[in-house]
Amino acid sequence: MENPHSKISPTAKIAAYWKSLSDIPFSKEIAVALQAEQTARQSLGDNIATMTIFSPLILEARYKAIDAAIMKRGAQHIIELACGLSPRGLQLAAAGIEYIGTDLPDILAETGPVINSIGWRQELPMQRIHFQAANVLDKAQLENAAGYFQGKSFDICNEGLLMYLNASEKKIMAENIRALLAASGGCWITTDIMFPDIRKQLFAALTGSRKELYTSVLGNISEQVGRNITANDFEDEAAAIFFYEAAGFDIEKIPFYDGSYPLSTLHLVPAGVQEWALEILTQASTWILRPKQ
Ligand SMILES: C[S@@+](CC[C@H](N)C(=O)[O-])C[C@H]1O[C@@H](n2cnc3c(N)ncnc32)[C@H](O)[C@@H]1O
């Protein structure tokens with residue numbers, strides 16, 4: 001029996017802290033209001049300075065990759081799973097897109113009201129944003145959240161969750177999403193499936209004390225969430241493709257980073273390795289999964 005998923009929730013604050021160092025709209029307001037930096041400092045300790053070299057860039061690119069896919073699809077209705085402190089609802093609402101943010105109940109009870117109040121203060125069209133607690137492993141809770149869209153076609157997106165789920169949890173999540181999308185006609189946009197490749201390439205290039213530090217941070221986070229993050233990785237991309245095709249999806253891959261949007265945190269990466277870091281992000285993919293007909 002795995003540890004409860006609620007143990008994963010504090011990682012949303014770490015992700016929010018990295019994003020707050022970028023130009024992602026509303027990311028700073030949300031991170032400050034929810035004290036994301038304090039959680040990141042508690043969790044990472046003195047390692048935070050070294051982690052600040054690559055993590056903000058990777059998280060900024062991940063967030064913007066999902067946005068780019070949403071815009072490419074022209075989606076008008078989006079459900080975000082495991083949204084954490086994501087500013088996406090505010091950003092999409094401002095762009096005229098209707099958004100439902102979902103996550104586990106405790107973290108959502110903390111973040112939803114804060115994000116809503118930032119939106120009201122900024123005079124955004126708040127009728128386009130909804131938050132609804134939903135565990136990705138609970139089909140009825142997901143259907144309940146999708147109920148806001150009253151039968152309109154919607155897409156689903158997520159980032160930063162799959163690395164915490166084991167294979168049987170990934171399978172249930174995929175089945176639930178497939179059932180929702182079969183009814184909605186939309187697709188599932190995720191940067192998570194081969195995200196560990198970015199970590200693996202980074203680790204392969206690190207040497208000496210920096211490699212040890214990154215390895216120990218990964219171990220500490222695994223311990224804090226009660227899940228072995230590296231053990232959840234797919235063996236390789238072929239294994240991931242096999243898994244999601246068997247779960248009933250057609251797969252399209254688009255580059256994670258294609259140079260079409262600026263990465264404001266690139267300056268945190270030492271000049272000598274910036275090009276290498278961008279190359280890793282370019283080789284990674286955002287996956288767009290559609291239920292097979
Ligand atoms: C690393 S955070 C990512 C948050 C956000 N997507 C981001 O990238 O900033 C992982 C999130 O997964 C959520 N989570 C963990 N298990 C979940 C589950 N079974 N159902 C829904 N959300 C879950 C946590 O509460 C947390 O918000």
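**View 1. Helix 8 and helix 9 cross in the right-handed sense.** A crossing is right-handed if the near helix is turned clockwise from the far one by less than a right angle, and left-handed if anticlockwise. Helices (H or I, at least four residues) and strands (E, at least two) are DSSP runs, numbered from the N terminus. The model is predicted: local features need pLDDT of at least 70, side-chain atom pairs count only at pLDDT 80 or more, and totals for chains, interfaces and linings use all residues. Residues are numbered from 1 along each chain as its sequence is written. Helix 8 packs against helix 9 (residues 167-184) at an angle of about 35°, and their axes are 9 Å apart. Axes are lines fitted to C-alpha atoms, for helices over the stretch in contact, and angles run from 0 to 180 degrees between N-to-C directions.

**View 2. Residues at the contact of helix 8 with helix 9.** Helix 8 contributes Lys 139, Leu 142, Glu 143 and Ala 146, and helix 9 contributes Asn 176, Ala 179, Leu 180 and Ser 184. Two residues are in contact if their C-beta atoms, placed from the backbone, lie within 7 Å.

View 3. Two strands pair if DSSP finds at least two bridges between them.

**View 4. Strand 4 (residues 155-158) beside strand 5 (residues 188-190).** The two strands pair in the parallel sense over three bridges. Asn 158 stands opposite Thr 190 in strand 5.
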